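Colleague: I've got the model open and would like to go through it with you. Can we start with the strands and work out to the whole assembly?

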2 protein chains.
Amino acid sequence: MQSIRIGLLGSGTVGTGVIKILKENRELLQARTGVDLVLKWVADIDPRRADVLAIPREAFTTDAHQVIQDPEVDIVVEMIGGQTTAKDLILEAFSRGKPVITANKALLAEQGSTILEAAQRHGADLGYEAAIGGCMPIVKTLREALVGNRVQGMTGILNGTCNYILTKITDEGIEFNNALARAQEHGYAEADPFLDVEGHDAAHKLALLSSLAYGMALNFKDIYIEGITHITPRDIALAGQFGYRIKLLAISKREGDRVQARVHPTMIPFDNLLSNVNGTLNAVTVSGDAVGEILLHGHGAGMLPTASAVVSDIADMARNLVHGAAGRIPILAYQNQAIAQIPVMPIEELETHYYFRFAALDRPGVLSSISGVLGEEGISIQSVQQTGRKSNGSVPIVMLTHLAREANVRRALARIDRLDVVSARPVLIRIEDSDPCC
Amino acid sequence: MQSIRIGLLGSGTVGTGVIKILKENRELLQARTGVDLVLKWVADIDPRRADVLAIPREAFTTDAHQVIQDPEVDIVVEMIGGQTTAKDLILEAFSRGKPVITANKALLAEQGSTILEAAQRHGADLGYEAAIGGCMPIVKTLREALVGNRVQGMTGILNGTCNYILTKITDEGIEFNNALARAQEHGYAEADPFLDVEGHDAAHKLALLSSLAYGMALNFKDIYIEGITHITPRDIALAGQFGYRIKLLAISKREGDRVQARVHPTMIPFDNLLSNVNGTLNAVTVSGDAVGEILLHGHGAGMLPTASAVVSDIADMARNLVHGAAGRIPILAYQNQAIAQIPVMPIEELETHYYFRFAALDRPGVLSSISGVLGEEGISIQSVQQTGRKSNGSVPIVMLTHLAREANVRRALARIDRLDVVSARPVLIRIEDSDPCC
């Protein structure tokens, strides 16, 4: 049986999972691929990892370059993370014509063009199924299964930390900070949760998904990003009264010559399948002109689910190496010359439904002042609720709008914020009423 | 740009969808695959199809053999169905070393070994993504994405006709026959609905999925199959009172050296994602030792969703042809020598929870007679409900059991059926309480 030798750089959580699967399911992988996937090297800057992971001395090094430079290593798996060392190592592997597998969404989303250009110059494959949605095969689905579809849109719950926090706030009525602390206790949130709770991690993934779906050049910087730190149990409870749950959604839609790409807390109806995706789970729906809509759902993070995706990429590349079929699937789903600069629509041009919550003094004429401003900005109200309890001398006024334009909404809220009768910054949450799945 | 020429046999619903996608998304497919996928031939026994589908005369024939024998045809797509002509044509294509794509689950499930042996002998690929779950990429997911996973089980809603009928009965309280008539009116059920409503279509798919998941030789004949023709609005309403919905599930589980494989109406809790898969939609969950559980959801039938899966297979094979990589993925997910005869567990050995409904005379001692038999057969009751209205002089007694063994259940129900106080055949519906997803 032919052997394919793997060099693993980094033995953190996901790296450890990869070691575990390659070891425990080695015979299974042989039975399926017809190839012996041999873990030739594990590199880690921490020399104690060899003992912790029971890796033989001769298969362990603190020098990642040694792994890449070993002519026997066929596939390089980068599990270091970050955008400096990881990038250099990936480029070094490509320069030797070796295929690379990574879960590094930040690097790919923010510096993907450098990486892709190097891969193409050296005719090497790049696998990154593990970068998006953990074990859900969304990259494979977009690159291969939906190849005959003009993708119209995608909606995803792509960050397990945020979904866990929002689920906790929903189920227990606790504040964001408490829910974040719980997530950290359970290891579902990093000590520095910025990338997750501010929506950047989901946006990194959305940048990759959008390129895969529409054949657009990677564009992270134009994605509109809004995190969940301002979401309160009160807004979640009020959303529930209107039949909605609040999820951090990554949304992209093809709109003529442009693409919508945005990450923000979103109200979706109870009967939308995504509203029932709870805890650390991820899900994504894709709509295409042939399939209609499909949904994938599973663990978006965690040692083994993410490692499962890495091993899937390892097997794919091993099969390509055995058959001399490198480049069989283009890295970003489209042939290089077919990838276009498709602009992202500015968020100000978005038209959607909105939820507003105003804190207003309990005084006659308040509703008229607020709705007057909305009317002047061309925003029409679908329903108003003014039954909440007084809090700090103010009453909450909640409004759901008909389709409105974001630019007008922003102008209106800025004007309302300046009204004397309004005692706190207005809250805005976007609504997706169109059921993204089925 | 390299051309790959396709010969399509059969231009029914799915065949028409394939023609449409290849035509309308030809440039998109070029941009993705780097190959021009050319529909060289359409064969149909009905010569009028050429005009109906606006196919040029020189690309249409009533002779499928002519298509297969054309040396320019690279890929043969069999969309004829049935187990006679279709089989002969597939074998003829293989004998010329040509890869074949089919959606013919009945043929594969019942005569798969002949087909597979021929494919292997001639080194030709076989694609059948469209045979299971329409557009859901479940074959690709099992063969490729989950390659590193020891699959533990799968639960699927795999027949859209049955799911539509059960949804209608649930939502409108109508009888099976009326719901079937509605399905037929909408084109969701065949004039002869036997294969669908008796569960055979779902079992065909389950046979394929089980082979893909566990590396077992195809075994359709040992699958336990029970259809939905006996499901009544009364049982659906009673299930609802206990917090369950009734779905036709295809279930397979790895159990030591054997596999459970069964298709039957099943009660699942409301909070199971599958319980919210309604209408003609399909869904399947797969649990594996690394991924935990993942779920795919989408249109399981219909012209374009099914054709989307066919086109995905066409692209995969075109890529293999361009790269000389035929056989890159083994047809049944495992290398031939790794496929084992894994026995299917007889249904009598199943242990699960059960729902029983008895029609009994409204008389003292009835409950004691029934529960006495159950106790003697070692079946313990979790809850009893005896509040229904009288119907034809009988009252309904509904029971939910703790874990019980099917053999004992069958013996007990046969004994209870013979009791004087019981006026109709007892109803049995199996319950799956373990949430198959997440």
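Colleague: Over how many bridges do E13(B) and strand E17 of chain B pair?

Modeller: Bear in mind that this is a predicted model: local features need pLDDT of at least 70 and side-chain atom pairs count only at pLDDT 80 or more, while totals for chains, interfaces and linings use all residues. Residues are numbered from 1 along each chain as its sequence is written, with chains lettered from A and ligands numbered from 1 in the order in which they are written. Helices (H or I, at least four residues) and strands (E, at least two) are DSSP runs numbered from the N terminus, and two strands pair if DSSP finds at least two bridges between them. In E17(B), residues 427-431, B:Arg430 stands opposite B:Tyr354, and E13(B) and E17(B) pair in the antiparallel sense over five bridges.

Colleague: And which strand of chain B do seven bridges join to E13(B)?

Modeller: E13(B), residues 351-361, also pairs antiparallel with strand E16 (residues 404-405) of chain B over two bridges, where B:Thr352 has B:Ala404 as its partner. B:Leu361, in turn, has B:Ser394 as its bridge partner. The strand that seven bridges join to E13(B), again antiparallel, is E15(B), residues 394-401.

Colleague: Moving to chain A, which strands are the edges of the open six-stranded sheet?

Modeller: The order in this sheet is E3-E2-E1-E4-E5-E6, with parallel pairing. Inside it, four bridges join E1(A) (residues 2-9) to E4(A) (residues 75-78), with A:Leu9 opposite A:Glu78. The strands that pair on one side only are E3(A), 60-61, and E6(A), 126-127.

Colleague: What angle does the direction of helix H13 of chain A make with that of E4(A)?

Modeller: H13(A), residues 303-323, packs on the sheet and touches E1, E2, E4, E5 and E6 of chain A. Contact here is C-beta atoms, placed from the backbone, within 7 Å. Axes are lines fitted to C-alpha atoms, for helices over the stretch in contact, and angles run from 0 to 180 degrees between N-to-C directions. On that basis, the angle is about 160°.

Colleague: How far apart are the C-alpha centres of domain 1 and domain 3 of chain A?

Modeller: Domain bounds come from an automatic or database assignment, which gives domain 1 (2-135 + 303-336), domain 2 (138-299) and domain 3 (348-431) of chain A. The C-alpha atoms of the chain fill a box of roughly 80 × 45 × 35 Å along the principal axes. The centres of domains 1 and 3 lie apart by 51 Å.

Colleague: Which element supplies the largest share of the side of chain B that touches chain A?

Modeller: The contact takes 52 residues from chain B and 53 residues from chain A. H2 (26-33), H7 (138-145), E12 (292-299) and H13 (303-322) of chain B each supply at least two residues of the chain B side. The largest share, nine residues, comes from H13(B).

Methods: Two residues are in contact if their C-beta atoms, placed from the backbone, lie within 7 Å.
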